[in-house]
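The sequence and the structure are shown first.

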Amino acid sequence: LVFRAAASKTMTRPDYSALAGFVSLDDLTHTGNGGNPQLKPIVSTNLDLALEWYFAPRGLLSVGYYNMDLKDYVNFSNESRQYKDMQASETSGQEVYSTYLVSVPSNKGAKVSGFEFNYIQPIGDNFGVSANYTYADGHSSGGGPLAGASKNTWNAAAYFENANFNARVSYTYRSSFYAGVSRTDSFYQEGVGNLAASLGYSLNDHLSFTFDAMNLNNPKLSYTTTIDGLGRLPHATYINGRQFYLTARYKFF
């Protein structure tokens, strides 16, 4: 039985895509989107607590609590900015500046806290099952949604492994989450599950093969847009298809 406690403070650079300086504008609707080169690094103050019970060789049952206090978290927002209206300027023959509602990443305060549960059960010498669940309560300053934060995430898997061969099949699910701003409206990715499998074989100390299969259930990624007074409306749908990877590795030493 092991109890762990950790406190830390970390700093992370924003994604390069968020730091890009470009802005795309629509002169008809006076809206736009782009990056923000003025973003500050993300500073997070973290507290982690965990209680772990190793009840058998390769067996584990654990529960954990985490809390993250985020300063300058990169979220999305709409800002009113003055830009030259190219269409109006061309029509009037003189420079015309208009106010555009621009969707850009911005720094905001945020908090995330929640619980984690993990269970690994060996079956005999080579088989086993595992499951984990994470609950995340995240929000930005002012109570707004936090980009990329699913409230519920869980995974279940079954596996076999010995000295030369290993196989695993797993299913992962995450609930809906705030994905950003599109045309000045907030949009969300709806909950989705993914079925995956992997095989691995070591021929000797130097040569090994792996086969990975992703999206075996051919999941559909659905996005909805939140519009005041109308609720969530369909925004986009993507089906990326099943993916398969075959890899060979050779070690000289």
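The sections below describe the core, the surface, the charged pairs and a few individual residues.

## Basis of the report

The structure is a predicted model.

## The nonpolar core

The largest nonpolar core contains 15 residues, and those with the most contacts inside it include Leu70, Tyr73, Val74 and Leu146. Strand 5, strand 6 and strand 10 (177-182) are the elements that contribute two or more residues to this core. Its largest share, four residues, is supplied by strand 5.

Leucine 146 illustrates how this core is packed together. When residues up to four places away in sequence are not counted, leucine 146 touches Tyr73, Asn75, Ala110, Lys111, Val112, Gly138, His139, Ser140 and Tyr178. Among these partners, Tyr73, Ala110, Val112 and Tyr178 are also listed with the residues that have the most contacts inside the core.

## The nonpolar surface patch

A nonpolar patch lies on the surface, formed by Leu1, Phe3, Leu47, Leu49, Leu51, Trp53, Leu61, Val63, Phe115, Phe117 and Tyr119, with about 1000 Å² of accessible area together. Strand 4, strand 5 and strand 6 (97-123) each provide at least two residues of the patch. Strand 4 gives the largest share, namely four residues.

Phenylalanine 117, one of the patch residues, belongs to strand 6. With a relative accessible area of 41%, phenylalanine 117 is partly exposed.

## Salt bridges

How many salt bridges does the model contain? The count comes to three. In one of them, arginine 4 pairs with glutamate 52, and the closest N and O atoms are 2.9 Å apart. Because arginine 4 lies in strand 1 (residues 2-12) and glutamate 52 in strand 4, this pair ties together parts that are 48 residues apart in sequence. Arginine 4 is partly exposed, at a relative accessible area of 44%, whereas glutamate 52 counts as buried, at 13% relative accessibility.

Another salt bridge links glutamate 79 and arginine 81, with 3.1 Å between the closest N and O atoms. Glutamate 79 counts as partly exposed at 26% relative accessibility, and arginine 81 counts as partly exposed at 22%. A further salt bridge is formed by the side chains of lysine 84 and glutamate 95, at 3.6 Å from N to O. Lysine 84 lies in strand 5 and glutamate 95 in the loop between helix 2 (86-92) and strand 6, so this pair connects parts that are eleven residues apart in sequence. Lysine 84 is partly exposed, with a relative accessible area of 30%, while glutamate 95 is exposed, with 54%.

## Two loop residues with positive phi

Most residues other than glycine have a negative phi. Arginine 58 is not a glycine, yet its phi is positive, at about 70°. The residue is found in the loop between strand 4 (42-56) and strand 5 (59-84). Arginine 58 is partly exposed, with a relative accessible area of 38%.

Asparagine 218 likewise has a positive phi, near 50°. Its place is in the loop between strand 13 (207-214) and strand 14 (221-227). Asparagine 218 is partly exposed, with a relative accessible area of 29%.

Is threonine 225 buried or exposed? Threonine 225, which lies in strand 14, is buried, because its relative accessible area of 7% falls under 20%. The side chains of threonine 225 and histidine 235 are joined by a polar contact of 2.9 Å. Residues up to four places away in sequence aside, threonine 225 touches Asp185, Ser186, Phe187, Gly231, Arg232, Leu233 and His235.

Glutamate 116 is located in strand 6 and is partly exposed, with a relative accessible area of 38%. Apart from its neighbours within four places in sequence, glutamate 116 is in contact with Ser62, Val63, Gly64, Tyr66, Tyr133 and Thr134. One of these, Val63, is also a member of the nonpolar surface patch. Between glutamate 116 and glycine 148 there are 32 residues of separation in sequence and 17 Å in space, taken from C-alpha to C-alpha.

Conventions. Residues numbered from 1 in each chain as written. Predicted model: local features only at pLDDT ≥ 70, side-chain atom pairs only at ≥ 80, totals over all residues. Heavy atoms only, no water. Buried < 20%, exposed > 50% of the residue type's maximum accessible area, 1.4 Å probe, protein only. Patch = residues over 30% accessible without salt bridge, like charges linked within 9 Å, V, L, I, M, F, W, Y side chains within 5 Å. Areas by Shrake-Rupley, 256 points an atom, 1.4 Å probe, with all protein chains shown as cover. Salt bridge = Lys/Arg side-chain N within 4 Å of Asp/Glu carboxyl O. Core = buried A, V, L, I, M, F, W, Y, C linked by side-chain atoms within 4.5 Å. Contact = heavy atoms within 4.5 Å. Polar contact = N/O pair within 3.5 Å; in protein donor to acceptor, adjacent residues only side chain to side chain.
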